[in-house]
Amino acid sequence: MTIKRALITGITGQDGAYLSQLLLSKGYEVHGLLRRSASADVINSRLIWLGIADEVILHDGNLTDLSSLIRVLGEVRPDEVYNLAAQSFVKSSWQQPLLTGSVTALGAGNMLEAVRLVCADARFYQASSSEMYGLIQEPRQSETTPFYPRSPYAVAKLYAHWMTVNYRESFNLYASSGILFNHESPLRGIEFVTRKITDGVARIKLGLRQELALGNLDVKRDWGHARDYVKAMWLMLQPDRPDDYVVATGRTVSVRQFCELAFGHVGLKMEDHVVIDPRYLRPAEVEVLLGNPAKAQEALGWVAETSLEQLVAEMVEADLARLKRHSHL
Ligand code: NDP
Ligand code: GDP
């Protein structure tokens with residue numbers, strides 16, 4: 001049996017780490033694109049956390065450098081390419097709109113172009129986002145809901161999404177786009193609201209801090225677990241024909257409710273600790289997102305396996321354990 005090879009851009013991120021773990025468990029040879037950093041000692045911390053840092057093969061490259069992508073694809077000759085790399089934090093996209101466009105939008109264009117030139121038979125996955133729905137046009141968003149982006153990040157993701165569709169239609173590439181709703185885990189970046197909350201709750205519980213400063217508590221998100229969502233990425237590249245799929249839980253809750261669950265998990269009350277800081281408000285907000293994953297369920301057999309309550313508990317426990325080990329962090 002021939003061993004399948006995958007190339008993951010964004011392998012050092014949350015999803016890249018979980019996807020690597022999944023593909024390794026399926027017997028894949030897993031390669032990743034690694035952008036050069038002065039902090040090389042911490043760059044693969046998520047892969048280390050999952051215990052797989054020595055099992056993946058990393059290649060020096062950057063999404064903004066087409067020549068590096070062509071070189072790496074030529075070296076790896078992958079069967080499957082997962083394009084997860086991005087400037088992925090919405091709030092930063094107002095501070096660095098053009099960098100976001102260059103990495104998140106044109107970077108995906110570079111990757112598609114490199115695949116077309118070097119390995120046109122490879123199957124390509126694009127990490128699209130529910131942020132593209134922005135100012136929602138339907139109460140439950142599906143593959144047919146019109147998009148209305150509300151941030152430079154979402155505008156950039158929309159370009160990448162339509163380029164994926166266009167390269168499929170123009171060049172017959174096997175290119176699929178997963179429109180994933182928010183997904184979290186103990187490996188989520190600390191700047192995102194869920195991880196910020198679970199880390200804050202753990203610090204307060206351990207007496208390292210008293211307050212947690214947040215922005216808009218009324219916004220609602222459809223939050224799932226990243227470990228479940230990377231399974232959908234892999235499933236999307238297995239059918240005979242490429243297509244686009246929404247991946248979501250079908251349940252939406254507010255930031256306030258997420259906080260109540262996280263504080264409640266350690267026997268605390270959020271009203272005693274949460275303060276509002278206008279610095280965390282956004283120039284334009286996405287008030288509510290709620291996905292309809294029916295197509296992924298029917299066509300791929302995918303379902304979200306982890307409940308929000310389980311997700312919150314896992315994240316709080318992981319942050320408590322992390323802080324007990326390294327209270328200086
Ligand atoms: P992360 O922010 O955790 O990871 C982003 C990855 O992209 C990191 O590995 C980062 O490298 C890499 N990267 C950033 N810029 C470049 C560049 N110029 N060249 C090469 N690599 C680069 O994101 P997630 O894992 O959470 O998300 C994965 C993808 O899915 C992203 O595209 C995100 O926008 C999208 N998405 C995520 C959702 C979520 O809820 N998590 C929802 C919908 C879509 P480094 O480690 O060096 O910073
Ligand atoms: P996003 O959905 O990709 O933007 O993921 P985030 O986790 O960054 O934000 C989710 C929602 O939480 C957004 O609507 C934010 O406005 C809201 N939010 C409220 N307070 C905060 C905060 O302190 N930090 C972040 N990141 N988001 C916050």
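Which residue has a backbone N or O atom 2.9 Å from a nitrogen atom of ligand 2? In this predicted model, the residue is Glu-191. The surroundings of ligand 2 comprise 17 residues, and Val-193, Lys-196, Gly-215, Arg-282 and Glu-285 are the closest of these. An N or O atom in the side chain of Arg-282 lies 2.6 Å from an oxygen atom of ligand 2. For Glu-285, a side-chain N or O atom is likewise placed 2.6 Å from an oxygen atom of ligand 2.

Ligand 1 is surrounded by 24 residues, the closest being Thr-12, Arg-35, Asn-62, Ser-88 and Tyr-153. A polar backbone atom of Gly-13 is found 3.0 Å from an oxygen atom of ligand 1. The separation between a backbone N or O atom of Gln-14 and an oxygen atom of ligand 1 is 3.0 Å. In the case of Asp-15, a polar backbone atom is 2.8 Å from an oxygen atom of this ligand.

Contact between the domains involves 18 residues of domain 1 and 27 residues of domain 2. About 2,000 Å² is buried between domain 1 and domain 2, with 55% of this area on carbon and sulfur atoms. Of the area that domain 1 buries against domain 2, 38% is supplied by Phe-89, Lys-91 and Trp-223, more than by any other three residues.

Polar interactions across the domain boundary were also counted. Two salt bridges are present between domain 1 and domain 2. A salt bridge joins Arg-221 to Glu-131, with 3.7 Å between the closest N and O atoms. Between domain 1 and domain 2, seven residue pairs are in polar contact, both members at pLDDT 80 or more. On the side of domain 1 that touches domain 2, at least two residues each are supplied by helix 2 (45–49), strand 10 (224–225) and helix 8 (226–236). The composition of this side of domain 1 by class is five nonpolar, seven polar and six charged residues.

Key: Residues numbered from 1 in each chain as written. Chains lettered and ligands numbered in written order. Predicted model: local features only at pLDDT ≥ 70, side-chain atom pairs only at ≥ 80, totals over all residues. Heavy atoms only, no water. Contact = heavy atoms within 4.5 Å. Buried area = accessible area lost by both parts, 1.4 Å probe. Salt bridge = Lys/Arg side-chain N within 4 Å of Asp/Glu carboxyl O. Polar contact = N/O pair within 3.5 Å; in protein donor to acceptor, adjacent residues only side chain to side chain. Helix = DSSP H or I, 4+ residues; strand = E, 2+ residues; numbered from the N terminus. Nonpolar A, V, L, I, M, F, W, Y, C, P; charged D, E, K, R; others polar. Near = heavy atom within 4 Å.
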